[in-house]
Amino acid sequence: LVVAIVFNLYLLTKKHQIPRGILLYDSIALSIFGLFVTFSRGGLIGLGVSLVVFITFLLINKHYSDVKRILLPLVIGLAISVSILYPYLSSRTTVSDNASKERLVFNGIADQIISSQPVFGLGSGMGLLHMKRYSDRPLEQWEVQPIHNYYLISWAELGIGTILLLILLLFPISALFKHKMTTWSMALGAIGVSVLMLFLFDHYFYTIWPAQLLLWVYIGLCLRECFTWNSISRETQE
């Protein structure tokens, strides 16, 4: 949903984009409301980070008209979502609930696994099978869940292979910032910063195939943007 919202905002900046108007505004509002309905603190933080980064990029590159186009639907979508769901959102403003405590337990288990298997890890997909073995306390059956941190779960299972994985992820994202920023590359950059932040809070990009597909499609879009800029640069020099 965070990715969809940023892509929708990008489409809103395109003067020739069809459909414009009510359909695109509705899509943005529904996506924002859908994200709020998940009550995912990581998702809401990811949305906030992506919006701040995207709008900051637009302002730095003097795309003031684009900022004006996206602010109104953003404010309306956020206002509607908060006003309707506020009584329920207030319960998600704490970090002392069970979900937060469980994440600390999972991260502690990851630390134990990494300490014992720092080079080769446990093997891909093996983390769940060894959760009880590395836990400091007995785990209930429902507590046997993937480590809720992309960086930790990949290191626990892949060992130093995580270095290669992170290079594959970080290189295309960092390469976006080495060229003249277009609105499209700004949107991709904002998504990249948000995704890297979301890695800290959940495992979906590592364990669930739709999120894996989304991640690698996104990396492919980043690489295409970088290769396009390199081709234009070579043609200009020639």
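Mentor: Let's start inside: Val3, Ile191, Val195, Phe205, Leu214, Leu215 and Tyr218 line the largest cavity. Keep in mind that this is a predicted model.

Trainee: Okay, which element gives the most to the lining of the largest cavity?
Mentor: Two elements, α9 and α11, each give two or more residues to that lining. The one that gives the most, with three residues, is α11.

Trainee: How much space lies in the largest cavity?
Mentor: The count comes to one cavity of 30 Å³ or more. The space in the largest cavity is about 40 Å³.

Trainee: What about open spaces, say the second largest pocket: which residues lie nearest its centre?
Mentor: That pocket has a volume of about 380 Å³. At least two lining residues come from each of α1, α2 (22-38), α3 (41-60), α9, α10 (204-207) and α11 (209-237). By class, the lining has eleven nonpolar, five polar and one charged residues. Of its 17 lining residues, those nearest the centre are Leu1, Gly43, Leu198, Tyr204 and Phe205.

Trainee: Now the helices: are α1 and α9 roughly parallel or antiparallel to each other?
Mentor: Two packed helices are described by the angle between their axes and the distance between the axes. Here helix α1 (residues 2-13) and helix α9 (residues 183-198) have axes 10 Å apart, at an angle of about 165°. Angles over 145 degrees count as roughly antiparallel. α1 and α9 are therefore roughly antiparallel.

Trainee: What handedness does the crossing of α1 and α9 have, and which residues make the contact?
Mentor: The crossing is right-handed. By class, the contact has nine nonpolar, three polar and no charged residues. They are Val2, Val3, Val6, Phe7, Tyr10 and Thr13 on the α1 side, with Thr183, Trp184, Ala187, Leu188, Ile191 and Ser194 on the α9 side.

Trainee: How are α3 and α4 turned relative to each other, roughly parallel or antiparallel?
Mentor: α3 packs with helix α4 (residues 64-89) at an angle of about 160°, and their axes are 9 Å apart. The crossing of this pair is left-handed. With the cut-off for antiparallel at over 145 degrees, the two helices are therefore roughly antiparallel.

Trainee: And how many charged residues does the contact of α3 with α4 have?
Mentor: From α3 come Leu47, Leu51, Phe54, Ile55, Leu58 and Leu59, which meet Tyr64, Asp66, Val67, Ile70, Leu71, Leu74 and Leu78 of α4. Asp counts as charged. By class, this contact has twelve nonpolar residues, no polar ones, and the charged count is one.

Trainee: Where does Leu152 lie?
Mentor: Leaving aside neighbours within four places in sequence, Leu152 is in contact with Asn107, Ala110, Asp111, Ile114 and Ile147. Leu152 lies in helix α7 (residues 150-158).

Trainee: Last one: which residues in α7 do those in α5 meet?
Mentor: The axes of helix α5 (residues 98-116) and α7 come within 9 Å and cross at roughly 30°, in a left-handed crossing. The contact divides into six nonpolar, one polar and one charged residues. α5 brings Asn107, Ala110, Asp111, Ile113 and Ile114, and in α7 they meet Leu152, Trp155 and Ala156.

Methods: Residues are numbered from 1 along each chain as its sequence is written. This is a predicted model: local features need pLDDT of at least 70, side-chain atom pairs count only at pLDDT 80 or more; totals for chains, interfaces and linings use all residues. Side-chain values use heavy atoms; hydrogens and water are left out. Axes are lines fitted to C-alpha atoms, for helices over the stretch in contact, and angles run from 0 to 180 degrees between N-to-C directions. Helices (H or I, at least four residues) and strands (E, at least two) are DSSP runs, numbered from the N terminus. Angles under 35 degrees count as roughly parallel, over 145 as roughly antiparallel, 65 to 115 as roughly perpendicular and the rest as oblique. A crossing is left-handed if the near helix is turned anticlockwise from the far one by less than a right angle, and right-handed if clockwise. Contact means heavy atoms within 4.5 Å. On a 1 Å grid over the protein atoms alone, a cavity is a set of points where a 1.4 Å probe fits but cannot get out, and a pocket is an open set with protein on both sides within 12 Å along at least five of seven lines; lining residues have an atom within 4 Å of a point. Grid points are joined across faces, edges and corners, and a volume is the space filled by probe spheres set on the points.
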